[in-house]
Amino acid sequence: MGRVHAENLRRLPEVELIAVSGSSADRAKQFGNSIGVNRTTGNYQELLEDSSIETVHVLTPNALHYPICRAALEAGKHVLCEKPFTLTVQEARELVELAARRRLSNCIQHNLRYYPVVQQMRCMIEAGDLGEILIVQGTYSQDWLLYETDWNWRVNSKDNGALRAMGDIGSHWMDLIQHLTGLRITELCADLATFHQKRKRPRGSVETFAGKSLQPGDYESVTISTEDFGSVLLRLGDRARGAFTVSQMSAGRKNMFSVEIYGSKAGVAWNQERPDELWIGQRDKPNQIVLKDPALMYPRAAAFADLPGGHGEGYDDTHKQVFKHFYARVLDPGAPGEYPSFEDGLVGMRLLEKVTESSKKQGWVTI
């Protein structure tokens, strides 16, 4: 994520990337060299004491989000944090309140909201094109942790928190469905599963989505408590119903994030692996597959497309769009806040807390 953030920050003319902090001085220097940043440190406090630094991006394992975000806010920095926001609802609430007291811009990196076609879906729903929203469903499926020899810091609850698949990718799905429909998840019933009760941890560090060619002697066995899979039944608003699954063990699915939304007039469906395509379903006339073309989109959705029709905009571009809107607010506190804030992160933490509660009691819970 450090590399993704660095590359897309450099697409904004008003932002200068000036320093990197890592888990050690050596690792920070190695990463800084890879992205062309000369100033590096193994102690983030050094950077927080520098008054010339205005904004901090927190891209660490989840357990470090709260202490680093808090220290950055107390140092008077604007903060952008990766998701999931914190480990607990209480931590999230404290950061929301601190950012408000300090009047500092704050953002949670729910970048998947900002594919142009996804924004078109949102505008269609707001305009009433789908009618009353009745049904939502989908999945976020990956396969990068399919084997017991697959490892990442996220499988360790000490670094990641109690929820892994739900926290990492389920948080994206729940955020997006509420963002699109304008409806809050009001109740849920969750079931979680850990298929690999033990995994083989590499004796060295492994980057996310990597480490597929290690040999048997390179591992040690570790007991796992975080989930590989989860399924959730949902109730949204007063009437809508839905369901979704998350998985990090679905063979062949590299990053399938799909949402389907059905209303009383029409339906829409989208899959992140085909980001410029929007399926529109009709009861009494032919269905459509519409390709991204800002000239033919709702104006507010078109504002999230920086390239014309026929020119793909994907994952990197969603990060750029969040950064563009966040830094507009950093530069001008009166600018529109068209990006997810710490408040959205708090909403997400409440939902994740309820997923855990529901799975433990094997029943419905109210948000």
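Is Arg-122 buried or exposed at 13% relative accessibility? Arg-122 counts as buried at that 13%, where buried means under 20% relative accessible area, exposed means over 50%, and partly exposed lies in between (1.4 Å probe, protein chains only). Before going further, note that this is a predicted model, in which local features need pLDDT of at least 70, side-chain atom pairs count only at pLDDT 80 or more, and totals for chains, interfaces and linings use all residues. Residues are numbered from 1 along each chain as its sequence is written, and side-chain values use heavy atoms, with hydrogens and water left out.

**Salt bridges**

- Side chains of opposite charge can pair when their charged atoms come close.
- Searching the whole structure turns up 24 salt bridges, each being a side-chain nitrogen of Lys or Arg within 4 Å of a carboxyl oxygen of Asp or Glu.
- One of them joins Asp-317 and Arg-11, with the closest N and O atoms 2.9 Å apart.
- That pair links distant parts of the chain, 306 residues apart: Asp-317 sits in helix H10, and Arg-11 in the loop between helix H1 (2–9) and strand S1 (20–21). Helices (H or I, at least four residues) and strands (E, at least two) are DSSP runs, numbered from the N terminus.
- Asp-317 is buried, with a relative accessible area of 13%, while Arg-11 is partly exposed at 37%.
- Lys-83 pairs up with Asp-168, and here the closest N and O atoms are 3.2 Å apart.
- Lys-83 is in the loop between strand S4 (78–81) and helix H5 (89–102) and Asp-168 is in helix H8 (residues 165–181), so this bridge ties together parts that are 85 residues apart in sequence.
- Both Lys-83 and Asp-168 are buried.
- Back to Arg-122: its partner in a salt bridge is Glu-338, with the closest N and O atoms 3.5 Å apart.
- Glu-338 belongs to the loop between H10 and H11 and Arg-122 to helix H6 (residues 116–126), which puts these linked parts of the chain 216 residues apart.
- Glu-338 is partly exposed, with a relative accessible area of 23%.
- Through shared partners, salt bridges join Arg-122, Glu-126, Arg-300 and Glu-338 into one network.

**Aromatic rings**

- The whole structure holds nine aromatic pairs. Rings of Phe, Tyr and Trp (its six-membered ring) pair if their centres lie within 6.5 Å; planes under 30 degrees apart count as stacked, over 60 as edge-to-face and the rest as tilted.
- Phe-257 and Trp-270 make an edge-to-face pair, because their ring centres are 5.9 Å apart and their planes stand at 80 degrees.
- Phe-257 comes from strand S12 (residues 256–263) and Trp-270 from strand S13 (residues 266–271), so the pair ties together parts that are 13 residues apart in sequence.
- Phe-257 is buried at 0% relative accessible area, and Trp-270 is buried too, at 2%.
- Phe-326 and Tyr-339 are edge-to-face as well, with centres 5.5 Å apart and planes at 85 degrees.
- Phe-326 lies in helix H10 (residues 315–331) and Tyr-339 in the loop between H10 and helix H11 (342–361); both residues are buried.
- Tyr-115, Tyr-140, Phe-257 and Trp-270 form one aromatic cluster.
- Arg-235 lies over the face of Trp-364, at 4.0 Å from the ring centre (this needs NZ of Lys or CZ of Arg within 6 Å of the ring centre and within 35 degrees of the ring normal).

**Nonpolar cores**

- A nonpolar core is a set of buried Ala, Val, Leu, Ile, Met, Phe, Trp, Tyr and Cys residues joined through side-chain atoms within 4.5 Å.
- The largest one has 64 residues, and those with the most contacts inside it are Phe-85, Leu-188, Ile-261 and Phe-342.
- H8 gives the most to this core, with eight residues.
- Another core lies apart from it and has 13 residues, including Leu-9, Phe-304, Tyr-327 and Val-330.

- Lys-83 and Pro-84 are joined by a cis peptide bond, with omega about -5 degrees; Pro-84 lies in the loop between S4 and H5.
- Arg-103 is not a glycine, yet has a positive phi of about 55 degrees. Its place is in the loop between H5 and strand S5 (106–108), and Arg-103 counts as exposed at 78% relative accessibility.
- Gln-362 also has a positive phi, near 55 degrees, and lies in the loop between H11 and strand S16 (365–366).
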